[in-house]
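Have the viewer open as you read.

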There are 2 protein chains.
Amino acid sequence: MDQFNETHTAKILKEHGVKPSYQRMKIYNYLMTKKNHPVVDTIYNALVSEIPTLSKTTVYNTLNIFKEKNLIQTVTIEDNELRYDANITKHGHFKCVKCNSVTDFKINIDNLTESDNIKNFDIQTYNINYTGVCDRCQKN
Amino acid sequence: MDQFNETHTAKILKEHGVKPSYQRMKIYNYLMTKKNHPVVDTIYNALVSEIPTLSKTTVYNTLNIFKEKNLIQTVTIEDNELRYDANITKHGHFKCVKCNSVTDFKINIDNLTESDNIKNFDIQTYNINYTGVCDRCQKN
DNA sequence: GTATCTGCAAAACATTTGCAATTCT
DNA sequence: AGAATTGCAAATGTTTTGCAGATAC
């Protein structure tokens, strides 16, 4: 990790009340740069070569802290597959059933009309997930 | 289960290529009549008093068969909490953070405008989940 | 009587917890 | 040194699998 990123990442973590340890910075940096909505195993396997002593417990603990402090959000598109996303803006997720990639997309839910039975409900969060075939896989 | 339901449920299962055993009919009937988006444990606990020999394995196996045959769908609103829904029409789910109830709502995604990066993607399924406070809980 | 279905027990996974060792300041 | 963090090992919780006995046609 170059000096700029280390400083930049440390700053973001501190702003959210998370002490920037080496492991935490590596994990946050991984999420920020890869944008690949990884599962825990993917993160662990990607970083263990660089940090040979890394344990999965630390990955779990770190991700839980990040989520608590609103540094990241979790994404569940497919059952029993918890993914992590450093993009905390509101957006949808598209998972391609052929290549398994997850693509972010922007949405405007203001145009969405729900049925009357929930018209007085106070909506606090939403998750919009699509599955299908991405454009790259349609050509293959 | 009265004779009408037994006959009716058996018919639906057969139409989907599932042999209507006693346990399968009870589980499908539970989902159809309760419409409560239960987790496996809820189904098991509700039925074990009526079917003392019931095992959780059978509940799991049965739900997996139902899903394979498109008799039901799974719903994941909150991480690591897999719920089952006999309503296989396309609809959204609202989970109240106070009373934990899940409410179905109708939605028309044609009004949703997604960003251009997925405009050529072939969307096959979608899941729309909200969390918030339902109208009943707002009054309490 | 042969196929299928059920349900126990064990296995397989994913995640959390307890705690001792390590690291940072 | 003192406080926080890490990571091993064990515990927990959920879902799947192997298989023997029960059930259905």
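## Where the chains meet

Start with charge: across the interface of chain B and chain A, the rule picks out 2 salt bridges. One of the pairs in a salt bridge is A:Lys67 with B:Asp79, whose closest N and O atoms sit 2.9 Å apart. Keep in mind that this is a predicted model.

Which elements of chain B give two or more residues to the side that touches chain A? They are strands E4 (102-105), E5 (113-114) and E6 (122-133), along with helix H5 (135-138). E6(B) gives the largest share of that side, at 12 residues.

## How much is covered

As for the contact itself, 39 residues of chain B touch 39 residues of chain A. Together the two chains bury about 3,400 Å² between them, and carbon and sulfur atoms give 52% of that area.

## A look at helix H4 of chain B

H4(B) runs over residues 56-68, so to speak a 13-residue helix. From first C-alpha to last, H4(B) reaches 18 Å, close to the 18 Å expected at 1.5 Å a residue.

Which residues of H4(B) are buried? They are B:Val59, B:Thr62, B:Leu63 and B:Phe66. Looking down the axis of H4(B), these buried residues fall within an arc of 100°, so they line one face of the helix. On the face turned away from the buried side, H4(B) carries the exposed residues B:Thr57 and B:Glu68. After H4(B) comes B:Asn70, with a positive phi near 60°.

Notes. Residues numbered from 1 in each chain as written. Chains lettered and ligands numbered in written order. Predicted model: local features only at pLDDT ≥ 70, side-chain atom pairs only at ≥ 80, totals over all residues. Heavy atoms only, no water. Helix = DSSP H or I, 4+ residues; strand = E, 2+ residues; numbered from the N terminus. Expected span 1.5 Å × (residues − 1). Buried < 20%, exposed > 50% of the residue type's maximum accessible area, 1.4 Å probe, protein only. Arc of directions from axis to C-beta. Contact = heavy atoms within 4.5 Å. Buried area = accessible area lost by both parts, 1.4 Å probe. Salt bridge = Lys/Arg side-chain N within 4 Å of Asp/Glu carboxyl O.
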